[in-house]
Amino acid sequence: MSDVVGLSAFDAARAIAAGSLSAEELFEVYRARAASDRAAGVDGLNCFTWVAAEPPDAVAASAQAPLEGVPLAVKDLFCTEGVPSQSGSRILEGYLPPYTASVVRRLHSAGVRLLAKTNQDEFAMGSSNENSAFGAVRNPWDRERVPGGSSGGSAAAVAAGLAPWALGTDTGGSIRQPAALCGIVGMKPTYGSVSRYGMIAFASSLDQAGPLTRDVRDAALLLGHMVGHDPCDATSLRFPHTIELPTAERLDGVRLGVPEELAGASSLEGEGIEAGVLDAFRAALARAEELGAQVSDVRLPHAPHALSAYYVIAPAEASSNLARFDGVRYGLRAADAADLLDMYTRTRHDGFGAEVKRRIMLGTYALSSGYYDAYYDRAQRVRTKIAEDFRAAFAQVDLIVTPTAPTVAFKLGEKTADPLAMYLNDFCTVPMSLAGIPAISIPCGLSQGLPVGLQLAGPAFSENRVLDAAHALEQSIGFDGSAVRKRSSLPAPAQGPPLSEILNLPRES
Amino acid sequence: MARELSAVLDHVARIGALDLDDVAPTSHVVADTMPTHPALRPDEPRPCLPREVALAQAPAVSEDGFLVPSPQA
């Protein structure tokens, strides 16, 4: 019995290109596993909102496509033509977009095949995936715990081997935090480097798509086919160089900065960063030094204010973006409305969940006449200071390292009654979002038997540097998530060549 | 929900303590500091969705337009 699920996406792509693995077989293995989870509903992990019924037609003239035949799971909020794209919301239930998001089109041209759409927090608002209208996602490491959010379905699917890799989006940590809680790799690239066209918007000045993968090389491979200027996104930038596959195994001369504000025992209010998370983080720093890195303290004086600024900017932009869901052009419309205003009111009352309503109210308040200067304008000034802090820090160090999340995966329901406690999950990831800089989370160890994430961040467009350092650390740490993929009793292929045969390919290095 | 929103607003109000008088607000966080990366393209008309496609997902349509309840009952 072959174990194609054991292949990284990089190895699967090479095996398909070399003819030792059939793209159809690979797709069918993952399709069956994803469909099994979808059929299990809440008894499964509930990773998906849609799974392909059959293999899609191969891309025309795709013989040379670099990612030919590799299945991809895509977060629900990416518009996919003719395929439900609901952003985890009742108000968009069954919505079939008339076009496909630019980044998904780009990946399709590179040869990937749409495997499934993944469950998420409604409109990407959440850190636990408990805010989805389609039910909570479970963490494959412990079904009683959350996978993180908002890209929780993507993270859980990759960790459980239900998809080789997945697309997510990150506004304040929504790729990095679930990657950390599920023991996989997740990267938020420089703001503007991946087109937002066709991503159902949450907070437009922060939203950015990125990869969720099993390892750093897969993240680089997928990201390399995602970046690029798109005239359909007014904030899109030209990525100044090619994303390279990382090869570094050492960190000689790399200067790593540890900000006390985000990585200290007392850096977070309330219960602070969990002791087990700090232990794993510090062990990874010691390993980085063994690999030749110079680790030093660095200051980000305004980082403690990042969460406050974020919870003005993101809700403000969300309240504007979500005004479009009014029962007129698409999605839910409440029946039997007395008049137009009643239709708007009842549609939004019935269609939005509690967290979305909470943020629309916060944002509307922050943008209201007389409060704009005190809230939104002020928060955007804090943002300027945070970006300046990072630029000053990067004059002294090459990369900044922090824990990705203050805790390991928490229990389902544990934080739903206290929004502020939930928001603190993003304490270490929000500053990089506000600064628009690239940041990656890699698994760096276990605490209480659950994965701990390490975050590496660099200056704008330093993705190659970030990926190289993450790769060197990853190789040294040797985190193994394979047991979680094997734990699943989902279908595996009945026939096929052994893995060793599939992988017996000429290596470039 | 009022209590929850008050707790969030109390947290957010901490930015009121910072001296930000001479600080410019951020617009595009990357392009703001990289003049070689223009943040906006020229605003030129481009083809848009055909009418029937745009109307295909509407809850109600009438005479090639979106149908809504009367503003006055």
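**View 1. Chain B on its own.** Of the 73 residues in chain B, 11% are buried (20 or more other C-beta atoms, placed from the backbone, lie within 10 Å of the residue's own). The model is predicted: local features need pLDDT of at least 70, side-chain atom pairs count only at pLDDT 80 or more, and totals for chains, interfaces and linings use all residues. Residues are numbered from 1 along each chain as its sequence is written, and chains are lettered from A in the order in which they are written. Chain B holds two helices and two strands (DSSP runs: H or I of at least four residues, E of at least two, numbered from the N terminus). Along the sequence the pattern is α-α-β-β.

**View 2. Where chain A meets chain B.** Contacts link 44 residues of chain A with 36 residues of chain B (C-beta atoms, placed from the backbone, within 7 Å). On chain A, helices H9 (306-321), H10 (340-351), H11 (354-367), H12 (373-393) and H13 (419-423) each supply at least two residues of the side that touches chain B. H12(A) gives the largest share of that side, ten residues.

**View 3. Helices H6(A) and H15(A).** The axes of H6 (residues 216-224) and H15 (residues 463-477) of chain A come within 9 Å and cross at roughly 160 degrees (lines fitted to C-alpha atoms over the stretch in contact; angles run from 0 to 180 degrees between N-to-C directions). H6(A) and H15(A) are therefore roughly antiparallel (angles over 145 degrees). H6(A) contributes A:Val216, A:Arg217, A:Ala219, A:Ala220 and A:Leu223 to the contact. H15(A) contributes A:Glu463, A:Leu467, A:Ala470, A:His471 and A:Glu474.

Definitions and conventions: A residue is buried if 20 or more other C-beta atoms lie within 10 Å of its own, exposed if 12 or fewer, and partly exposed in between; C-beta atoms are placed from the backbone. Two residues are in contact if their C-beta atoms, placed from the backbone, lie within 7 Å. Angles under 35 degrees count as roughly parallel, over 145 as roughly antiparallel, 65 to 115 as roughly perpendicular and the rest as oblique.
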